[in-house]
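I opened my notebook to look a few things up. Here is where I begin.

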Amino acid sequence: MMKDSEQSARPIGKMVLFGLLSLALYVFLFSNADWVMRNFTRGGAYAALPIATVFVFSFVHGAFASYLWSVLGIGVTRRPVVPKARETRRVVRRPRPRPRLRVEA
Amino acid sequence: MDGGVQETIKFIDLNLAAILFLFAVGFIGGLVSGFIGSGGAFVLTPGMMSLGVPGAVAVASNMCHKFPKALVGAYKRYKYGQVDLKLGLVMAGSAAIGVQVGIRIQRWILSTWGQAGSDLYVSMAFVLVLVAVGGYVFRDARKISRQGGEEKRSPLAQRLQKIELPPMIHFKTANVRISFWLTLPVGFATGMLAATIAVGGFIGVPGMIYVIGASSLVASATELVIAFVMGLAGSINWAIHGMIDIRLTLLILAGSLLGVQLGAIGTTMVRQHVIKLVMGTIMLIVAVSRAMAIPDCLVRLNLLSVSPGTLELLSKGSFVSMCIALTVGALMILGAMWKSKVSSAKEEPLAQPGYNGAPSRIESTP
(Lines give C-alpha, C1' and ligand atoms only; values in the text may rest on other atoms or scores of the structure.)
Protein backbone atom coordinates (compact mmCIF):
# COMPACT_ATOMS: atom_id res chain seq x y z
CA MET A 1 0.00 0.00 0.00
CA MET A 2 2.73 2.39 1.07
CA LYS A 3 4.78 1.36 -1.91
CA ASP A 4 1.89 2.28 -4.22
CA SER A 5 1.53 5.75 -2.76
CA GLU A 6 5.28 6.29 -3.04
CA GLN A 7 5.23 5.30 -6.69
CA SER A 8 2.29 7.54 -7.47
CA ALA A 9 4.16 10.47 -5.91
CA ARG A 10 7.01 9.99 -8.32
CA PRO A 11 7.08 12.73 -10.98
CA ILE A 12 6.83 10.52 -14.07
CA GLY A 13 4.87 13.12 -16.07
CA LYS A 14 7.38 15.89 -15.37
CA MET A 15 10.26 13.56 -16.19
CA VAL A 16 8.71 12.68 -19.55
CA LEU A 17 7.93 16.33 -20.31
CA PHE A 18 11.42 17.61 -19.54
CA GLY A 19 12.99 14.54 -21.17
CA LEU A 20 11.15 15.29 -24.43
CA LEU A 21 12.05 18.98 -24.19
CA SER A 22 15.69 18.12 -23.61
CA LEU A 23 15.69 15.66 -26.50
CA ALA A 24 14.06 18.24 -28.78
CA LEU A 25 16.73 20.79 -27.88
CA TYR A 26 19.53 18.32 -28.62
CA VAL A 27 17.94 17.21 -31.91
CA PHE A 28 17.40 20.84 -32.97
CA LEU A 29 20.97 21.83 -32.16
CA PHE A 30 22.65 18.85 -33.80
CA SER A 31 20.44 18.93 -36.90
CA ASN A 32 21.55 22.56 -37.38
CA ALA A 33 25.14 21.92 -36.31
CA ASP A 34 26.72 23.71 -39.29
CA TRP A 35 24.80 26.93 -38.71
CA VAL A 36 25.35 26.68 -34.96
CA MET A 37 29.10 26.16 -35.26
CA ARG A 38 29.45 28.96 -37.79
CA ASN A 39 27.71 31.51 -35.58
CA PHE A 40 28.64 30.29 -32.10
CA THR A 41 32.38 30.53 -32.83
CA ARG A 42 32.35 34.02 -34.29
CA GLY A 43 33.57 35.52 -31.04
CA GLY A 44 32.94 39.06 -29.80
CA ALA A 45 29.28 39.76 -29.01
CA TYR A 46 28.36 36.30 -30.39
CA ALA A 47 29.90 34.92 -27.17
CA ALA A 48 26.42 35.34 -25.68
CA LEU A 49 25.12 32.48 -27.87
CA PRO A 50 27.07 29.55 -26.33
CA ILE A 51 26.74 30.97 -22.81
CA ALA A 52 22.95 31.42 -23.12
CA THR A 53 22.62 27.98 -24.74
CA VAL A 54 24.32 26.15 -21.87
CA PHE A 55 22.09 27.97 -19.38
CA VAL A 56 18.96 26.85 -21.27
CA PHE A 57 20.21 23.27 -21.59
CA SER A 58 21.28 23.12 -17.97
CA PHE A 59 17.81 24.22 -16.85
CA VAL A 60 15.88 21.81 -19.09
CA HIS A 61 18.24 18.82 -18.97
CA GLY A 62 19.02 19.48 -15.29
CA ALA A 63 15.30 19.35 -14.45
CA PHE A 64 14.96 16.12 -16.44
CA ALA A 65 17.94 14.59 -14.59
CA SER A 66 16.46 15.57 -11.23
CA TYR A 67 13.06 14.03 -12.05
CA LEU A 68 14.73 10.93 -13.49
CA TRP A 69 16.54 10.16 -10.23
CA SER A 70 13.33 10.80 -8.30
CA VAL A 71 11.40 8.40 -10.55
CA LEU A 72 14.14 5.80 -10.14
CA GLY A 73 13.73 6.13 -6.37
CA ILE A 74 17.20 7.58 -5.86
CA GLY A 75 16.73 10.66 -3.79
CA VAL A 76 17.02 12.16 -0.38
CA THR A 77 14.83 10.10 1.86
CA ARG A 78 15.19 12.73 4.54
CA ARG A 79 13.73 16.20 4.26
CA PRO A 80 16.30 18.99 4.01
CA VAL A 81 15.78 21.73 6.56
CA VAL A 82 17.15 25.22 6.87
CA PRO A 83 20.33 25.13 8.94
CA LYS A 84 20.42 26.81 12.27
CA ALA A 85 23.96 27.86 12.90
CA ARG A 86 25.23 27.81 16.42
CA GLU A 87 25.46 31.18 18.11
CA THR A 88 29.07 32.22 17.87
CA ARG A 89 28.76 35.67 19.40
CA ARG A 90 31.54 36.23 21.89
CA VAL A 91 30.75 36.87 25.50
CA VAL A 92 32.16 40.23 26.53
CA ARG A 93 32.89 40.54 30.20
CA ARG A 94 31.89 43.86 31.62
CA PRO A 95 33.21 45.21 34.87
CA ARG A 96 30.53 44.94 37.51
CA PRO A 97 31.04 47.53 40.21
CA ARG A 98 30.26 46.21 43.62
CA PRO A 99 29.35 48.34 46.62
CA ARG A 100 32.25 48.61 49.01
CA LEU A 101 32.26 49.70 52.54
CA ARG A 102 34.28 52.83 53.06
CA VAL A 103 35.17 54.11 56.46
CA GLU A 104 35.26 57.87 56.66
CA ALA A 105 37.19 58.94 59.62
CA MET B 1 38.90 38.61 -35.49
CA ASP B 2 35.87 36.54 -36.47
CA GLY B 3 37.23 35.28 -39.67
CA GLY B 4 40.65 34.67 -38.19
CA VAL B 5 39.28 32.41 -35.51
CA GLN B 6 37.20 30.46 -38.02
CA GLU B 7 40.20 29.90 -40.26
CA THR B 8 42.73 28.84 -37.64
CA ILE B 9 40.60 26.60 -35.40
CA LYS B 10 39.62 23.20 -36.71
CA PHE B 11 36.52 21.68 -35.13
CA ILE B 12 36.31 17.88 -35.30
CA ASP B 13 33.65 15.71 -36.91
CA LEU B 14 31.82 13.71 -34.29
CA ASN B 15 31.16 9.97 -34.55
CA LEU B 16 29.12 7.66 -32.29
CA ALA B 17 32.17 6.44 -30.34
CA ALA B 18 33.21 10.02 -29.56
CA ILE B 19 29.65 10.92 -28.50
CA LEU B 20 29.42 7.93 -26.15
CA PHE B 21 32.89 8.63 -24.75
CA LEU B 22 32.01 12.27 -23.96
CA PHE B 23 28.68 11.29 -22.40
CA ALA B 24 30.25 8.57 -20.22
CA VAL B 25 33.20 10.68 -19.03
CA GLY B 26 30.78 13.56 -18.45
CA PHE B 27 28.59 11.35 -16.26
CA ILE B 28 31.47 9.95 -14.17
CA GLY B 29 33.09 13.38 -13.90
CA GLY B 30 29.78 14.90 -12.86
CA LEU B 31 29.27 12.23 -10.21
CA VAL B 32 32.68 12.95 -8.67
CA SER B 33 32.18 16.74 -8.87
CA GLY B 34 28.75 16.56 -7.27
CA PHE B 35 30.21 14.54 -4.41
CA ILE B 36 33.61 16.13 -3.67
CA GLY B 37 32.98 19.54 -5.27
CA SER B 38 35.59 19.30 -7.99
CA GLY B 39 38.01 17.05 -9.74
CA GLY B 40 35.67 15.52 -12.27
CA ALA B 41 36.81 17.41 -15.33
CA PHE B 42 40.53 16.76 -15.38
CA VAL B 43 40.21 13.71 -17.63
CA LEU B 44 38.11 15.57 -20.20
CA THR B 45 40.74 17.92 -21.62
CA PRO B 46 43.28 15.16 -22.42
CA GLY B 47 40.37 12.90 -23.40
CA MET B 48 39.06 15.40 -25.95
CA MET B 49 42.57 16.03 -27.25
CA SER B 50 42.94 12.29 -27.83
CA LEU B 51 39.83 12.54 -30.08
CA GLY B 52 41.68 15.14 -32.18
CA VAL B 53 40.25 18.31 -30.59
CA PRO B 54 42.82 21.16 -30.53
CA GLY B 55 44.12 21.92 -27.01
CA ALA B 56 42.58 25.40 -26.70
CA VAL B 57 39.17 24.19 -27.92
CA ALA B 58 39.32 21.23 -25.50
CA VAL B 59 40.08 23.54 -22.56
CA ALA B 60 37.40 26.05 -23.61
CA SER B 61 34.67 23.44 -24.23
CA ASN B 62 35.51 21.68 -20.97
CA MET B 63 35.32 24.93 -19.01
CA CYS B 64 32.01 25.82 -20.64
CA HIS B 65 30.49 22.56 -19.38
CA LYS B 66 31.96 23.02 -15.90
CA PHE B 67 30.08 26.14 -14.86
CA PRO B 68 26.52 24.96 -15.65
CA LYS B 69 27.37 21.64 -14.02
CA ALA B 70 28.63 23.49 -10.94
CA LEU B 71 25.48 25.65 -11.01
CA VAL B 72 23.16 22.63 -11.01
CA GLY B 73 25.25 20.84 -8.37
CA ALA B 74 25.41 23.94 -6.16
CA TYR B 75 21.65 24.48 -6.47
CA LYS B 76 20.96 20.87 -5.54
CA ARG B 77 23.26 20.98 -2.54
CA TYR B 78 21.97 24.41 -1.52
CA LYS B 79 18.55 22.82 -1.23
CA TYR B 80 20.08 20.28 1.17
CA GLY B 81 21.44 23.19 3.25
CA GLN B 82 25.07 22.39 2.52
CA VAL B 83 26.20 25.50 0.59
CA ASP B 84 27.66 28.55 2.33
CA LEU B 85 27.01 31.16 -0.35
CA LYS B 86 28.90 33.93 1.44
CA LEU B 87 31.98 31.75 1.89
CA GLY B 88 31.80 30.71 -1.77
CA LEU B 89 31.62 34.31 -3.00
CA VAL B 90 34.41 35.52 -0.69
CA MET B 91 36.61 32.62 -1.84
CA ALA B 92 35.74 33.22 -5.49
CA GLY B 93 36.84 36.87 -5.17
CA SER B 94 40.32 35.98 -3.91
CA ALA B 95 40.50 33.02 -6.30
CA ALA B 96 40.03 35.41 -9.22
CA ILE B 97 43.19 37.26 -8.12
CA GLY B 98 44.99 33.93 -7.81
CA VAL B 99 43.96 32.96 -11.35
CA GLN B 100 45.43 36.19 -12.74
CA VAL B 101 48.72 35.69 -10.87
CA GLY B 102 48.81 32.03 -11.92
CA ILE B 103 48.34 32.95 -15.58
CA ARG B 104 51.17 35.52 -15.37
CA ILE B 105 53.51 32.95 -13.81
CA GLN B 106 52.58 30.47 -16.54
CA ARG B 107 53.28 33.05 -19.24
CA TRP B 108 56.64 33.94 -17.70
CA ILE B 109 57.67 30.27 -17.51
CA LEU B 110 56.50 29.74 -21.09
CA SER B 111 58.52 32.68 -22.41
CA THR B 112 61.61 31.71 -20.37
CA TRP B 113 61.74 27.90 -20.73
CA GLY B 114 59.33 27.21 -23.58
CA GLN B 115 56.51 24.65 -23.77
CA ALA B 116 58.58 21.85 -22.19
CA GLY B 117 59.42 24.06 -19.18
CA SER B 118 55.78 25.03 -18.81
CA ASP B 119 54.68 21.37 -18.96
CA LEU B 120 57.30 20.44 -16.36
CA TYR B 121 56.07 23.23 -14.05
CA VAL B 122 52.46 22.05 -14.39
CA SER B 123 53.38 18.40 -13.79
CA MET B 124 55.59 19.24 -10.80
CA ALA B 125 52.84 21.44 -9.31
CA PHE B 126 50.38 18.58 -9.82
CA VAL B 127 52.61 16.02 -8.12
CA LEU B 128 53.79 18.18 -5.20
CA VAL B 129 50.38 19.61 -4.34
CA LEU B 130 48.44 16.39 -4.83
CA VAL B 131 50.89 14.21 -2.89
CA ALA B 132 51.12 16.68 0.02
CA VAL B 133 47.46 17.70 0.25
CA GLY B 134 45.96 14.44 -1.05
CA GLY B 135 48.16 12.39 1.29
CA TYR B 136 47.08 14.51 4.28
CA VAL B 137 43.37 14.33 3.34
CA PHE B 138 43.58 10.56 2.81
CA ARG B 139 45.37 9.99 6.13
CA ASP B 140 42.87 12.18 7.96
CA ALA B 141 39.93 10.29 6.39
CA ARG B 142 41.42 6.96 7.47
CA LYS B 143 41.97 8.29 10.98
CA ILE B 144 38.37 9.52 11.24
CA SER B 145 37.14 6.20 9.87
CA ARG B 146 39.08 4.30 12.56
CA GLN B 147 37.73 6.60 15.28
CA GLY B 148 34.11 5.94 14.39
CA GLY B 149 33.46 8.43 11.58
CA GLU B 150 32.96 11.64 13.56
CA GLU B 151 34.65 14.63 11.96
CA LYS B 152 36.21 17.32 14.17
CA ARG B 153 37.35 20.83 13.32
CA SER B 154 41.09 20.97 12.61
CA PRO B 155 43.38 22.41 15.33
CA LEU B 156 44.80 24.92 12.81
CA ALA B 157 41.32 26.24 11.97
CA GLN B 158 40.49 26.51 15.67
CA ARG B 159 43.64 28.55 16.30
CA LEU B 160 43.01 30.80 13.27
CA GLN B 161 39.42 31.47 14.33
CA LYS B 162 40.71 32.91 17.60
CA ILE B 163 42.66 35.63 15.77
CA GLU B 164 40.61 38.83 15.98
CA LEU B 165 41.78 40.67 12.88
CA PRO B 166 39.00 42.95 11.53
CA PRO B 167 36.93 42.55 9.48
CA MET B 168 35.68 39.33 11.02
CA ILE B 169 33.17 37.41 8.91
CA HIS B 170 30.55 35.01 10.18
CA PHE B 171 29.81 32.22 7.70
CA LYS B 172 26.46 30.98 8.90
CA THR B 173 26.11 27.64 7.13
CA ALA B 174 29.74 26.70 7.69
CA ASN B 175 29.27 27.85 11.29
CA VAL B 176 32.59 29.64 11.19
CA ARG B 177 33.65 33.10 12.39
CA ILE B 178 37.04 34.03 10.96
CA SER B 179 39.00 37.07 9.81
CA PHE B 180 38.49 38.01 6.16
CA TRP B 181 42.28 38.23 5.76
CA LEU B 182 42.70 34.58 6.69
CA THR B 183 40.32 33.46 3.93
CA LEU B 184 42.41 35.28 1.30
CA PRO B 185 45.37 32.86 1.10
CA VAL B 186 43.01 29.88 0.65
CA GLY B 187 41.07 31.53 -2.17
CA PHE B 188 44.26 32.83 -3.73
CA ALA B 189 45.86 29.34 -3.68
CA THR B 190 42.67 27.88 -5.17
CA GLY B 191 42.85 30.33 -8.07
CA MET B 192 46.58 29.77 -8.54
CA LEU B 193 46.06 26.03 -8.74
CA ALA B 194 43.09 26.45 -11.07
CA ALA B 195 45.27 28.49 -13.43
CA THR B 196 48.07 25.93 -13.20
CA ILE B 197 46.44 22.49 -13.21
CA ALA B 198 42.83 23.48 -14.00
CA VAL B 199 41.45 21.85 -10.83
CA GLY B 200 41.41 24.50 -8.11
CA GLY B 201 39.17 22.42 -5.89
CA PHE B 202 42.01 20.09 -4.99
CA ILE B 203 43.29 22.90 -2.78
CA GLY B 204 40.05 24.85 -2.28
CA VAL B 205 38.14 22.06 -0.52
CA PRO B 206 40.99 20.96 1.80
CA GLY B 207 41.74 24.66 2.44
CA MET B 208 38.17 25.34 3.51
CA ILE B 209 38.24 22.24 5.74
CA TYR B 210 41.66 22.52 7.42
CA VAL B 211 42.35 26.29 7.34
CA ILE B 212 38.94 27.96 7.50
CA GLY B 213 37.26 25.22 9.51
CA ALA B 214 34.23 24.26 7.39
CA SER B 215 33.03 20.65 7.45
CA SER B 216 33.72 18.35 4.47
CA LEU B 217 30.08 18.53 3.48
CA VAL B 218 29.93 22.35 3.45
CA ALA B 219 33.40 22.74 1.90
CA SER B 220 32.70 20.37 -1.00
CA ALA B 221 29.31 21.99 -1.64
CA THR B 222 30.69 25.54 -1.42
CA GLU B 223 33.47 24.67 -3.86
CA LEU B 224 30.74 24.31 -6.51
CA VAL B 225 29.89 28.01 -6.05
CA ILE B 226 33.54 28.94 -6.61
CA ALA B 227 33.68 26.64 -9.65
CA PHE B 228 30.56 28.30 -11.07
CA VAL B 229 31.85 31.87 -10.66
CA MET B 230 35.32 31.09 -12.02
CA GLY B 231 33.99 28.82 -14.78
CA LEU B 232 31.49 31.42 -15.98
CA ALA B 233 34.16 34.14 -16.14
CA GLY B 234 36.57 31.80 -17.95
CA SER B 235 33.91 30.60 -20.39
CA ILE B 236 32.91 34.15 -21.35
CA ASN B 237 36.57 34.84 -22.07
CA TRP B 238 36.90 31.74 -24.25
CA ALA B 239 33.57 32.45 -25.99
CA ILE B 240 34.70 35.98 -26.89
CA HIS B 241 37.61 34.34 -28.71
CA GLY B 242 35.26 31.88 -30.45
CA MET B 243 36.97 28.79 -29.00
CA ILE B 244 33.98 26.90 -27.55
CA ASP B 245 32.76 23.86 -29.49
CA ILE B 246 29.18 23.88 -28.19
CA ARG B 247 28.56 20.35 -29.50
CA LEU B 248 31.29 18.92 -27.25
CA THR B 249 30.11 21.05 -24.31
CA LEU B 250 26.50 19.86 -24.61
CA LEU B 251 27.43 16.20 -25.05
CA ILE B 252 29.51 16.30 -21.87
CA LEU B 253 26.75 18.24 -20.14
CA ALA B 254 24.20 15.56 -21.07
CA GLY B 255 26.11 13.07 -18.91
CA SER B 256 27.45 15.41 -16.25
CA LEU B 257 24.07 16.91 -15.27
CA LEU B 258 22.88 13.38 -14.49
CA GLY B 259 26.10 12.61 -12.62
CA VAL B 260 26.37 15.80 -10.61
CA GLN B 261 22.87 15.37 -9.16
CA LEU B 262 23.54 11.75 -8.28
CA GLY B 263 26.76 12.83 -6.56
CA ALA B 264 24.89 15.56 -4.67
CA ILE B 265 22.28 13.03 -3.52
CA GLY B 266 25.15 10.76 -2.48
CA THR B 267 26.43 13.33 0.02
CA THR B 268 23.20 13.03 1.98
CA MET B 269 23.58 9.27 2.24
CA VAL B 270 27.13 8.81 3.50
CA ARG B 271 29.25 9.88 6.44
CA GLN B 272 31.33 13.02 5.95
CA HIS B 273 34.73 11.35 6.04
CA VAL B 274 33.79 9.40 2.88
CA ILE B 275 34.05 12.71 0.98
CA LYS B 276 37.62 13.08 2.26
CA LEU B 277 38.40 9.45 1.48
CA VAL B 278 37.22 9.76 -2.13
CA MET B 279 39.01 13.07 -2.59
CA GLY B 280 42.31 11.83 -1.11
CA THR B 281 42.24 8.65 -3.20
CA ILE B 282 41.58 10.52 -6.46
CA MET B 283 44.29 13.09 -5.69
CA LEU B 284 46.91 10.42 -5.00
CA ILE B 285 46.15 8.43 -8.18
CA VAL B 286 46.20 11.64 -10.26
CA ALA B 287 49.59 12.47 -8.70
CA VAL B 288 50.91 9.14 -9.99
CA SER B 289 49.46 9.92 -13.40
CA ARG B 290 51.18 13.31 -13.57
CA ALA B 291 54.46 11.86 -12.27
CA MET B 292 54.47 9.67 -15.39
CA ALA B 293 54.43 12.84 -17.53
CA ILE B 294 57.58 14.31 -15.91
CA PRO B 295 60.22 12.22 -17.81
CA ASP B 296 58.83 13.48 -21.15
CA CYS B 297 59.29 17.12 -20.03
CA LEU B 298 62.83 16.40 -18.78
CA VAL B 299 63.74 14.77 -22.12
CA ARG B 300 62.44 17.80 -24.04
CA LEU B 301 64.57 20.05 -21.81
CA ASN B 302 67.61 17.80 -22.51
CA LEU B 303 67.91 16.96 -18.82
CA LEU B 304 67.20 13.24 -19.21
CA SER B 305 67.60 10.55 -21.84
CA VAL B 306 64.81 7.99 -22.23
CA SER B 307 63.88 5.85 -25.26
CA PRO B 308 60.87 7.03 -27.33
CA GLY B 309 59.11 3.71 -26.69
CA THR B 310 59.32 4.18 -22.94
CA LEU B 311 58.06 7.75 -23.26
CA GLU B 312 55.06 6.62 -25.28
CA LEU B 313 54.31 3.94 -22.72
CA LEU B 314 54.52 6.50 -19.90
CA SER B 315 52.25 8.87 -21.82
CA LYS B 316 49.61 6.18 -22.28
CA GLY B 317 50.04 5.08 -18.66
CA SER B 318 49.50 8.67 -17.54
CA PHE B 319 46.16 8.96 -19.37
CA VAL B 320 45.01 5.50 -18.29
CA SER B 321 45.81 6.20 -14.64
CA MET B 322 43.82 9.46 -14.86
CA CYS B 323 40.84 7.46 -16.11
CA ILE B 324 41.45 4.96 -13.29
CA ALA B 325 41.43 7.82 -10.74
CA LEU B 326 38.04 8.97 -11.94
CA THR B 327 36.62 5.45 -12.16
CA VAL B 328 37.87 4.46 -8.70
CA GLY B 329 36.37 7.66 -7.26
CA ALA B 330 33.03 6.98 -8.96
CA LEU B 331 32.97 3.36 -7.77
CA MET B 332 33.76 4.44 -4.21
CA ILE B 333 30.85 6.91 -4.30
CA LEU B 334 28.41 4.43 -5.81
CA GLY B 335 29.58 1.73 -3.39
CA ALA B 336 29.09 4.01 -0.38
CA MET B 337 25.65 5.04 -1.65
CA TRP B 338 24.63 1.44 -2.23
CA LYS B 339 25.82 0.43 1.24
CA SER B 340 23.90 3.31 2.77
CA LYS B 341 20.76 2.55 0.76
CA VAL B 342 20.80 -1.06 1.94
CA SER B 343 21.12 -0.13 5.61
CA SER B 344 19.18 3.17 5.57
CA ALA B 345 15.83 1.62 6.48
CA LYS B 346 17.03 0.90 10.01
CA GLU B 347 19.51 3.68 10.67
CA GLU B 348 19.28 7.31 11.74
CA PRO B 349 20.27 10.13 9.34
CA LEU B 350 24.03 10.27 8.90
CA ALA B 351 24.73 13.62 7.29
CA GLN B 352 25.81 16.22 9.82
CA PRO B 353 26.99 19.33 8.03
CA GLY B 354 28.23 21.16 11.11
CA TYR B 355 30.68 20.33 13.84
CA ASN B 356 30.45 20.03 17.60
CA GLY B 357 26.78 19.58 18.03
CA ALA B 358 25.68 21.95 15.29
CA PRO B 359 22.25 20.78 14.21
CA SER B 360 21.96 18.36 11.33
CA ARG B 361 20.34 19.79 8.23
CA ILE B 362 18.71 16.56 7.24
CA GLU B 363 15.85 15.22 9.26
CA SER B 364 13.47 12.37 8.76
CA THR B 365 10.54 12.84 6.44
CA PRO B 366 7.31 12.98 8.39
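My entries below go from chain A to some backbone details in chain B.

**Before starting.** I noted that this is a predicted model, so I treat every value here as computed from that model.

**Chain A, the elements.** I looked up the secondary structure and found 4 helices and 1 strand in chain A. Reading along the sequence, I wrote the pattern down as α-α-α-α-β.

I checked how much of the chain is covered: 31% of its 105 residues count as buried. For the accessible surface of chain A I noted about 8100 Å², with 61% of it belonging to carbon and sulfur atoms. I also looked at contacts with a separation of 6 or more, and in chain A 83% of them join residues 24 or more positions apart.

**Chain B, a cis bond.** Which form does the peptide bond from Pro166(B) to Pro167(B) take, cis or trans? I found that this bond is cis, with omega near 0°. Pro167(B) sits in the loop that runs between helix H6 (155-161) and strand S1 (168-171).

**Chain B, two positive phi values.** I noted a positive phi of about 60° for Asn175(B), although this residue is not a glycine. I located Asn175(B) in the loop between S1 and strand S2 (176-179). Its relative accessible area is 3%, so Asn175(B) counts as buried, the cut-off being under 20%.

Asn302(B), also not a glycine, has a positive phi near 60°. I traced Asn302(B) to the loop between helix H12 (294-300) and helix H13 (308-343). Is Asn302(B) buried or exposed? Its relative accessibility is 69%, and because exposed means over 50%, Asn302(B) counts as exposed.

Conventions:
Residues are numbered from 1 along each chain as its sequence is written. Chains are lettered from A and ligands numbered from 1 in the order in which they are written. This is a predicted model: local features need pLDDT of at least 70, side-chain atom pairs count only at pLDDT 80 or more; totals for chains, interfaces and linings use all residues. Side-chain values use heavy atoms; hydrogens and water are left out. Helices (H or I, at least four residues) and strands (E, at least two) are DSSP runs, numbered from the N terminus. Buried means under 20% relative accessible area, exposed over 50%, partly exposed in between (1.4 Å probe, protein chains only). Contact means heavy atoms within 4.5 Å. Accessible areas come from the Shrake-Rupley method with a 1.4 Å probe; for residues, only the protein chains shown count as cover.
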